[in-house]
Amino acid sequence: MNWPRVILLLLLALLGVFAQATLDLPRRWLGAQPSLLPAVVVSAALNGDVALVALVAVTGGVALDALSANPLGVSVLPLFVIGFALNRWRDLLLREVAYAQAVLGALAAVGVSVAKLLLLLTLGEHPLLGWGSLWQGVVIAGAGALLTPLVCRGVENLAALFAYPVEPASSFRPDREIKRGRT
Amino acid sequence: MLTVVLLNLPERAAGRTKFAIGALFLPLFGLVGSGQTLMDLGTSALVTRRSLTQELERLRQENQQLRLDALQGAEARRENDRLRQLLGWQAQPGWHARAAKVIARDPENWWRTLLIDRGSRDGLRPNLPVISPEGLVGRVADVGPSTAQVVFVGDPKCRVPVVVRETGEQGVITAPSAGVLDHRLVDLTHLPRNSALKAGQTVFTSGLGGVLPGGLPVGMVVDSRTVGYGLSTEARIKLLADTSRLSEVLVLLP
């Protein structure tokens, strides 16, 4: 496991939850509070293994539920399921292309919210829903599309700072070597 | 597996775990609070002497008026206590306010709650009313040692029995049935069929149920409609307290 990447993703998940609880401007201006967690989970799923996805989902999900009126643990499962699915089929995805990351981020953000709502309704809770929730879904999807490529690129660049530099490939090709003398 | 374990924790244990995990964020909340205080100090240093003098004069006048109101209120209270004693009615308990700072809001879009920096160490307990200078904000839901969660009026977990001052009709404020985007609009339900509600009428807590004291201003009637094939009436209420701009609240302690 790449430890700098793990620590960066966990820190990002916790800071994302903190920002979601303290920065109220998006809710005031757009009518919905976007979340950074789906973007972090997508980044972990595209560039890490299942253990990293589980770690980010548990840390971020439990922290989010602790500051929210959600029952504790309700956010963990949706985050993990989305991350696990992306991680399993990541070889089929254009995971290094920003456009693909944006689409995956939007889908993950909406998917996590819908899964959480279904889980809450299953548990007998009564979350606040209405026609305005559709607009909130659009805002959440837009934020996911915007944040996911940024998180992926940012984590890659920061993790590269802590890794050994990549050795540039040599221009020497043994198959093109001119061998002198008789063979 | 972890989700199943966490979701099946007893309510008390789950609440404690939530506050313990939430406490990890307290240093960050403190940092944000200090930053805001510094910013306020910087802003107040830029205010001119003239505007400060004007503000002082306005506050002096307001203070005089409030003193007069307080004297009249105290006299009315004494008279009320005396009459209650004469009639043999039970004396109403007095409430005193404790100020608290808002440190976080619910990160989810489907709940209307916030976190304040007072907890059981400050004498808070569940179901205490929370108000702002404009009116009722909500009630205390869960209490940790140094923080507490407040549920707003309009959240599905906060139903408030109210009375319309002009007509005397009683109802219950519930979560909005539509329009989750305007956080100040809530529904007033359980009204009689032939209700005489009009826009602009004021709504106060009725005190029924004994959880919230009566007479706290809640909101104003926006419009009303008959529901259930004309069997009852529902109204939309605009809350007086703008919960999106709250930075401090008052918790009423008995």
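Analyst: Two strands count as paired if DSSP finds at least two bridges between them. Helices (H or I, at least four residues) and strands (E, at least two) are DSSP runs numbered from the N terminus. The model is predicted: local features need pLDDT of at least 70, side-chain atom pairs count only at pLDDT 80 or more, and totals for chains, interfaces and linings use all residues. Residues are numbered from 1 along each chain as its sequence is written, while chains are lettered from A and ligands numbered from 1 in the order in which they are written.

In chain B, 6 strands close into a barrel with antiparallel pairing, in the order β6-β7-β8-β11-β10-β9. From one strand to the next the twist averages 45° (axes are lines fitted to C-alpha atoms, for helices over the stretch in contact, and angles run from 0 to 180 degrees between N-to-C directions). Strands of a sheet pair through backbone hydrogen bonds, either parallel or antiparallel. One pair in detail is β6 (residues 160-164) with β7 (residues 170-174) of chain B, antiparallel over 4 bridges. There, B:Val163 has B:Gln170 of β7(B) as its bridge partner.

Next come the domains of the chain. Chain B is divided into domain 1 (2-45) and domain 2 (94-254), with bounds from an automatic or database domain assignment. Their centres, taken over C-alpha atoms, are separated by 23 Å. Between them, 5 residues of domain 1 of chain B are in contact with 6 residues of domain 2 of chain B, where contact requires C-beta atoms, placed from the backbone, to lie within 7 Å. On the domain 1 side, α2 (11-22) and α3 (26-45) of chain B are the elements that give two or more residues. The largest share, 3 residues, comes from α2(B). By class, this side has 2 nonpolar, 3 polar and no charged residues; Ala, Val, Leu, Ile, Met, Phe, Trp, Tyr, Cys and Pro count as nonpolar, Asp, Glu, Lys and Arg as charged, and the others, Gly among them, as polar.

Chain B also meets chain A: 34 residues of chain B are in contact with 37 residues of chain A. On the chain A side, α1 (3-22), α4 (50-67), α5 (76-88) and α7 (132-162) each supply at least two residues. The largest share of that side, 7 residues, comes from α4(A). Its classes are 22 nonpolar, 12 polar and 3 charged residues.

Notes: Contact = placed C-beta atoms within 7 Å.
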